[in-house]
Amino acid sequence: MAFRGKRPEHGGPPELFYDKNEARKYVRNSRMIDVQTKMAGRALELLYLPEGQPCYLLDIGCGSGLSGDYLSDEGHYWVGIDISPAMLDAALDRDTEGDLLLGDMGQGIPFKPGSFDGCVSISAIQWLCNANKKSDIPAKRLYCFFSSLYSVLVRGARAVLQLYPENSEQLELITTQATKAGFTGGVVVDFPNSAKAKKFYLCLFSGPSTFLPKPLNESNDDDEEVQESEFTRERTSWGHALRCSGNGCYSNAEQPCTAGIMLEAV
Amino acid sequence: MKLLTHNLLSSHVRGVGPRGFPLRLQATEVRINPVEFNPDFVARMIPKVEWAALLEAADTLHLVEVPKGPIEGYEHDEKFLRQMHHVLLEVDVLEGTLQCPESGRLFPISRGIPNMLLSDEETET
């Protein structure tokens, strides 16, 4: 979603924003459908599922089932959770194949440990960062979400969560809670130099350390090379990584700077 | 809600932990939904199945021809896999309730969608 004005999360909780009207607009907006479908495709790509194997996946903030449909088309089975009854109604109308649950991700994922081979989320988790009730503490809700997500994933499975972070503090809040919950991984930023095309994917891994996927980048220059994202045991400072444009920037270890941020499990 | 989903759902009411499984199923409306048979997927799900919970749910819904457990060489047994495919993926509970076995809390199912929203008091801290 391109925000030209206020961010939706500032106006209230998602179940009020995504009412019948918004749900109806959402499923008819062809540009929206195109963007969401592309992001679902990229998220699935970043999941690095074993080739040719139908998997059982979790779709967080599944909404009207746009991303879920993509998962089905790729031969996977999925369960979607969303907090908006109107969006879930739209999903029913669209006859999506996955099972749907009405639920609040900030309250935890109500499944047995080791239920899912992977998890995707498109444009949803930034909603956890705003308190809509006096009793909401974003950090607690984020931790509840990430710790239960960690549990319901098969050991060694991944979660790829596309999000629209409001600022670097919010991204840090999110990544801190994910790390606390036991995940390793990092943020992959596709097209970091394009205000319009820039996309953030939080790529989490529930096993021992692995590689961080290479972000997508448009070369403006023939000589410009896409930086390799190397997994190191070095801590990258958040501020540094977030300010970095990814071109000719070097960290303390004199490694080429990535357009991503590494997480280390605490 | 498919029975595969029911077999993995667990109550997340505060303090309940692993005693929140399995959710006791009651159904007032059930539909049979044809789903394309994928033996690879069914075979991969078999190790995840909690058989006692599955058989209890199948019994509640008066399903027949439900295998009682995994048989030897099930990965290549088409009859077994097709029966499991039907039970896990083609039986859709449209209206009913799920009950947390520990807290007694009821989660309603409407239009095939379980409502798992908790109150503030019920949420894990």
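Reply: A word on naming elements: helices (H or I, at least four residues) and strands (E, at least two) are DSSP runs, numbered from the N terminus. This is a predicted model, with local features needing pLDDT of at least 70 and side-chain atom pairs counting only at pLDDT 80 or more, while totals for chains, interfaces and linings use all residues. Residues are numbered from 1 along each chain as written, chains are lettered from A and ligands numbered from 1 in written order, and side-chain values use heavy atoms, with hydrogens and water left out.

Now the interface. Counting contact as heavy atoms within 4.5 Å, 31 residues of chain A touch 29 residues of chain B. The two chains bury about 2600 Å² between them, 57% of it on carbon and sulfur atoms; that is accessible area (1.4 Å probe) lost on putting the parts together, summed over both. On chain A's side, A:Tyr77, A:Gln107 and A:Lys112 lose the most area to chain B, together 26% of what that side buries.

A:Lys112 turns up again in a salt bridge with B:Glu50, with 3.7 Å between the closest N and O atoms. The rule here is a Lys or Arg side-chain nitrogen within 4 Å of an Asp or Glu carboxyl oxygen, and it finds six such bridges across this interface. There are also 14 residue pairs in polar contact between the chains, both residues at pLDDT 80 or more. For that, a pair of N or O atoms must lie within 3.5 Å, within protein one able to donate a hydrogen and the other to accept it, and residues adjacent in sequence count only through side-chain atoms on both sides. The elements giving two or more residues to chain A's side are β2 (77-82), α5 (85-93), β3 (99-102) and β4 (116-122).

Over all chains, the salt bridge count comes to 18. One of them joins A:Asp69 and A:Arg94, at 2.8 Å from N to O. That pair links distant parts of the chain, 25 residues apart: A:Asp69 sits in helix α4 (residues 66-73), A:Arg94 in the loop between α5 and β3. The loop between α5 and β3 of chain A also holds A:Asp95, whose phi is positive, near 55°, though the residue isn't glycine.

Over in chain B, four strands make an open antiparallel sheet in the order β1-β2-β3-β4, where pairing takes at least two DSSP bridges between strands. β1 (24-32) and β4 (113-114) of chain B are at the edges with a single partner strand each, so one side of each has no neighbour in the sheet. Eight bridges join β1 of chain B to its antiparallel partner β2 (residues 91-99), and B:Glu29 has B:Glu95 in β2 as its bridge partner. In the loop between α1 (3-8) and β1 of chain B you'll find B:Pro22, joined to B:Phe21 by a cis peptide bond with omega about -5°.
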